[in-house]
Amino acid sequence: MTRVLYPGSFDPVHNGHVELVETAARLFDEVVVGTLMNPSKGGGLFTLEERMELLDECFAHLDNIRTTMFDGLVVTLAQQVEADFIVKGLRAVSDFETELQMAQTNLVISGMHTMFLPTASRRSFLASGLIREVARLGGDVSEMVPEPVSRRLDEKLKGSGR
Ligand code: PNS
C-alpha cells in the first residue's frame with residue numbers, strides 16, 4: 001500500500017491541481033492532499049479552512065483521497081500522515097528549479113523523497129495567483145477552476161467589494 005502526500009497552498013485549487021490529484025489517485029493507493037501556507041506568498045485570499053473545504057468538494061468523487069491542512073513544514077506533515085513520499089506537479093521547466101531545490105532540502109532534513117508528475121500541457125499555464133488576480137478584477141475564471149471554486153471566489157470577492 002503506497003500513500004503519498006500532495007502538498008500545496010491551493011489558494012485556490014484549480015484544474016491543474018485536479019488533474020494532478022486524479023492522476024495520483026490512479027497511480028497510488030492513497031493520496032493525502034495537504035494545504036499549507038507558502039511562507040513566500042503572504043496571507044493569501046482563502047483561509048486554510050476554506051481551502052480545505054474546497055478541496056473536499058472538488059475531490060468528493062474520488063474515494064482514495066483525503067484532505068488535511070497544516071501549519072508547519074511539509075515533511076512534518078508527510079511524517080504525520082505516514083506518507084511514503086511527496087508528490088508535486090511540474091508545469092514547465094521554470095517550476096523545476098525551485099521544486100528540485102525544495103525536494104533536495106526536504107530529503108536532507110527528513111529522508112523523504114519527492115516524485116514529480118508532469119501537468120498536461122493544456123493546463124500548464126494555470127496558476128492560483130493569476131486566477132485570484134483575474135477574479136479580483138472581474139474576469140471569468142470558470143474555465144480554469146472547478147465550479148465550487150468559481151462560486152466561492154464570486155461570493156468572497158463580492159463580499160469584499162473586490
Ligand atoms: O502550491 P505551492 O505554493 O507551490 O506550495 C508550496 C508549499 C506549500 C508546498 C511550500 O511552500 C511548503 O512546503 N510550505 C511548507 C513550509 C516548508 O516545508 N518549507 C520548506 C520547503 S523546502
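Trainee: What is the relative accessible area of F116?
Mentor: F116 has a relative accessible area of 24%, so this residue is partly exposed. Buried means under 20% relative accessible area, exposed means over 50%, and partly exposed lies in between (1.4 Å probe, protein chains only). The model is predicted, so local features need pLDDT of at least 70 and side-chain atom pairs count only at pLDDT 80 or more, while totals for chains, interfaces and linings use all residues. Residues are numbered from 1 along each chain as its sequence is written, and side-chain values use heavy atoms, with hydrogens and water left out.

Trainee: How many aromatic pairs are there?
Mentor: Rings of Phe, Tyr and Trp (its six-membered ring) pair if their centres lie within 6.5 Å; planes under 30 degrees apart count as stacked, over 60 as edge-to-face and the rest as tilted. By this rule there are three aromatic pairs.

Trainee: Why is the pair of Y6 and F10 edge-to-face?
Mentor: The ring planes of Y6 and F10 stand at 65°, with the centres 5.4 Å apart, so the pair is edge-to-face. Both Y6 and F10 are buried.

Trainee: And which residue pairs with F116?
Mentor: F116 pairs with F96, edge-to-face, at 6.1 Å centre to centre and 70° between the planes. F96 lies in helix α4 (residues 93-110) and F116 in strand β5 (residues 114-118), 20 residues apart, so the pair links distant parts of the chain. Helices (H or I, at least four residues) and strands (E, at least two) are DSSP runs, numbered from the N terminus.

Trainee: Changing topic, how many residues has the largest nonpolar core?
Mentor: The largest nonpolar core has 32 residues, and V13, V33, F59, I65 and L153 have the most contacts inside it. Such a core is a set of buried Ala, Val, Leu, Ile, Met, Phe, Trp, Tyr and Cys residues joined through side-chain atoms within 4.5 Å.

Trainee: Which element gives the most to this core?
Mentor: Helix α1 gives the most, with five residues.

Trainee: What does L153 touch?
Mentor: Leaving aside neighbours within four places in sequence, L153 is in contact (heavy atoms within 4.5 Å) with P12, L45, F46, I131, A135 and V141.

Trainee: How far is the side chain of S9 from the ligand?
Mentor: An N or O atom in the side chain of S9 is 2.5 Å from an oxygen atom of the ligand. A polar side-chain atom of N38 lies 2.9 Å from a ligand oxygen atom. A polar contact is a pair of N or O atoms within 3.5 Å; within protein, one must be able to donate a hydrogen and the other to accept it, and residues adjacent in sequence count only if both atoms are side-chain atoms.
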